[in-house]
Amino acid sequence: MYRLVYVSTAVEDLKDDDIDSILNVSQSNNDERYLTGFLAHNGRSFMQALEGERVEVLEIYGRILEDDRHFGVAQIIGEPVEKRAFPEWTMNYHRVDDREGSSTMVVRQDESIDALLNPEMPRDLLYLFSKFLRMR
C-alpha cells in the first residue's frame, strides 16, 4: 500500500463544472484501480491524497501532473503505508469557500465533515489537511 499527497494551484478560470468533471473522472478511475483518496480545495489551491498499490498511484499521479487545470504541482508525501486513511472514499472532496465573508464546507457524497476526523486516521495527515483547509 502506498500513499501520495501533493499540493497544486488551480488555474484562475477554473469553474465548478471543471471540479465536477475532475471528481467524476477521479471516482471512476479510482474505483477501477481500487484507489482511495481525498481532494481538498481552499479556494485557490488543491491538496490531494491518493492511496493504493504504488504502481497505480504513480500512474494516476503522472496523469495529474499533465492536467492543465492546475499548476505548481508539488509532492509532499510519498510513502508506503500499512492501511488506508480514506478506506471508504474513491475520491471525496471538501471545499472551503469564502464568498460573502462566510466559510462553508462542501462535502461530496453526503459525507459528514466529522468523517474527516476519523480517530484512526494518521495524525500527521489529519494535521496537514486541517492546516491546508484553514489557509486562504
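How many of the 136 residues of the chain, as a percentage, count as buried? In this predicted model, the share that counts as buried is 43%.

**Overall layout**

The chain has three helices and six strands, and along the sequence they follow the pattern β-α-β-β-α-β-β-β-α. Among contacts in the chain with a separation of 6 or more, 77% are between residues 24 or more positions apart.

In soluble globular proteins, nonpolar side chains tend to be buried together. Here the largest nonpolar core has 18 residues, and the members that touch the most others are Leu4, Ile19, Leu23, Leu39, Phe46, Leu50 and Val57.

| Element | Residue range |
|---|---|
| β1 | 2-10 |
| α1 | 16-33 |
| β3 | 45-52 |
| α2 | 54-66 |

Apart from this core lies another one, of 15 residues, including Val5, Ala40, Ala49 and Met121.

Setting aside its neighbours within four places in sequence, Leu50 is in contact with Tyr2, Arg3, Leu4, Asn30, Thr36, Val57, Ile60, Ile64 and Met91.

**Helix α1**

An α-helix has 3.6 residues a turn, so residues three or four places apart point the same way. The buried residues of α1 are Ile19, Ile22, Leu23, Ser26, Gln27, Asn29, Asn30 and Arg33. Two of these, Ile19 and Leu23, are also among the members of the largest nonpolar core that touch the most others.

**The largest pocket**

Rolling a probe the size of a water molecule over the atoms shows where empty space is left. The largest pocket has a volume of about 330 Å³. It is lined by 17 residues, of which Ile22, Ser26, Ile64, Asp67 and Arg69 are the closest to its centre. β1, α1, β3 and α2 are the elements that give two or more residues to this lining, and α1 provides the largest share, five residues. By type, the lining of the largest pocket divides into eight nonpolar, six polar and three charged residues.

Some residues turn up in more than one place. Ile22 and Ser26, close to the pocket centre, are buried in α1, while Ile64, also among the closest to that centre, is in contact with Leu50.

Technical notes
Residues are numbered from 1 along each chain as its sequence is written. This is a predicted model: local features need pLDDT of at least 70, side-chain atom pairs count only at pLDDT 80 or more; totals for chains, interfaces and linings use all residues. Side-chain values use heavy atoms; hydrogens and water are left out. A nonpolar core is a set of buried Ala, Val, Leu, Ile, Met, Phe, Trp, Tyr and Cys residues joined through side-chain atoms within 4.5 Å. Buried means under 20% relative accessible area, exposed over 50%, partly exposed in between (1.4 Å probe, protein chains only). Helices (H or I, at least four residues) and strands (E, at least two) are DSSP runs, numbered from the N terminus. Contact means heavy atoms within 4.5 Å. On a 1 Å grid over the protein atoms alone, a cavity is a set of points where a 1.4 Å probe fits but cannot get out, and a pocket is an open set with protein on both sides within 12 Å along at least five of seven lines; lining residues have an atom within 4 Å of a point. Grid points are joined across faces, edges and corners, and a volume is the space filled by probe spheres set on the points. Ala, Val, Leu, Ile, Met, Phe, Trp, Tyr, Cys and Pro count as nonpolar, Asp, Glu, Lys and Arg as charged, and the others, Gly among them, as polar.
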